[in-house]
Amino acid sequence: MSAPTLVMLHGWGVNGAVFSSLLPHLEGLDIRVVDLPGFGDAANEPSHREIDGLARALADKVPEDAVWLGWSLGGLAATQAAIKGYGRPRGLITLASSPSFVAEEHWPGIKPLVLKQFAGALDGDLQQVIDRFLAIQAMGAPSAKADIKLLREKVAERPLPSLEALAGGLAMLDNTDLRGELAALRLPFLRLYGRLDALVPVKQAELVDALAPGSRHQVFEHSSHAPFISHPEETAAAVRAFIGQFEGR
């Protein structure tokens with residue numbers, strides 16, 4: 001049997017164009033890059049405020065039996081689809097993502113105030129809000145300045161997200177907690193982290209190992225929240241190795 005389709009889902013505030021610099025390193029794979037509803041080329045599609053509705057909508061857009069790769073918010077949606085079986089995912093890769101993004105006692109993550117500040121800023125200049133968020137995503141990486149520039153350039157290739165999609169995405173990051181459901185996952189599951197990530201702290205990796213004992217994780221030592229931008233070759237190698245296990249099955 002040939003390798004499955006690789007579905008790629010972006011994160012909050014951006015669109016599928018952010019994967020442009022990664023795609024050449026995945027040449028030969030059957031890839032479907034999908035804009036989340038309300039973002040990029042799907043800016044006119046109805047957006048969502050609940051992760052289950054988003055996962056269902058995405059499953060309607062992609063082939064069944066695919067491997068789903070989700071970055072950040074996209075990883076949260078991909079995880080929900082895998083838990084519920086929407087689109088019958090064959091495998092799951094989360095990239096700088098988390099089953100629960102908000103920091104709590106004994107759980108590293110984004111401070112709740114940060115998400116509230118971004119939500120409050122949506123009444124102003126949306127481009128400025130997105131630019132601020134992109135800066136946080138690259139923060140800490142040695143190549144941060146270049147990474148932010150590339151992210152901005154790629155995002156600008158497609159329409160700005162709708163206000164509703166931005167607000168809904170922040171609500172999902174704030175309210176979704178899938179930690180209690182990870183143990184039920186029975187499909188191959190790879191989690192990729194950046195050691196310098198300020199949004200999904202690498203300390204989460206071992207905590208999620210315990211929650212999803214059937215999964216495995218890999219850490220990119222010199223990467224922040226966007227490893228596919230700063231380290232595309234290493235990211236692609238990890239993805240190819242994961243996809244390779246399905247060939248002939």
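## Sheet, helix packing and salt bridges

R179 is buried, with a relative accessible area of 15%. Buried means under 20% relative accessible area, exposed means over 50%, and partly exposed lies in between (1.4 Å probe, protein chains only). This is a predicted model: local features need pLDDT of at least 70, side-chain atom pairs count only at pLDDT 80 or more, and totals for chains, interfaces and linings use all residues. Residues are numbered from 1 along each chain as its sequence is written, and side-chain values use heavy atoms, leaving out hydrogens and water.

- Six strands form an open sheet in the order 2-1-3-4-5-6, and the pairing is parallel. Strands here are DSSP E runs of at least two residues, helices are H or I runs of at least four, and both are numbered from the N terminus.
- Strand 2 (31-34) and strand 6 (216-220) are the edge strands, and each pairs on one side only. Two strands pair if DSSP finds at least two bridges between them.
- From one strand to the next, the twist averages 15°. Angles run from 0 to 180 degrees between N-to-C directions, and axes are lines fitted to C-alpha atoms, for helices over the stretch in contact.
- Strand 1 (residues 6-9) pairs with strand 2 in the parallel sense over four bridges. M8 stands opposite V33 in strand 2.
- Helix 9 (residues 232-244) packs on the sheet and touches strand 1, strand 3 (67-71), strand 4, strand 5 and strand 6. The direction of helix 9 makes about 165° with that of strand 4.

**T94 in strand 4**

- T94 belongs to strand 4 (residues 91-95). T94 is buried, at 5% relative accessible area.
- Leaving aside residues up to four places away in sequence, T94 touches G70, G75, T79, F189, L190, R191 and L192. Contact means heavy atoms within 4.5 Å.

**Helix 1 against helix 2**

- The axes of helix 1 (residues 51-59) and helix 2 (residues 73-84) come within 8 Å and cross at roughly 80°. That makes helix 1 roughly perpendicular to helix 2. Roughly perpendicular covers 65 to 115 degrees; under 35 is roughly parallel, over 145 roughly antiparallel, and the rest oblique.
- On the helix 1 side, I51, D52, L54, A55 and L58 meet L76, A77, Q80, A81 and K84 of helix 2.
- The residues of this contact divide into seven nonpolar, one polar and two charged. Nonpolar means Ala, Val, Leu, Ile, Met, Phe, Trp, Tyr, Cys and Pro; charged means Asp, Glu, Lys and Arg; the others, Gly among them, are polar.

**Salt bridges**

- The structure holds 14 salt bridges. Each is a side-chain nitrogen of Lys or Arg within 4 Å of a carboxyl oxygen of Asp or Glu.
- R56 is partly exposed at 45%, and D52 is partly exposed at 24%.
- E104 and R179 form another, with the closest N and O atoms 3.2 Å apart. The pair links distant parts of the chain, 75 residues apart. E104 sits in the loop between strand 4 and helix 3 (112-121), and R179 in the loop between helix 6 (163-175) and strand 5 (189-194). E104 is partly exposed at 44%.
- R191 and D209 meet at 2.9 Å, N to O. This pair links strand 5 to helix 7 (residues 204-211), 18 residues apart. R191 is buried at 1%, whereas D209 is partly exposed at 26%.
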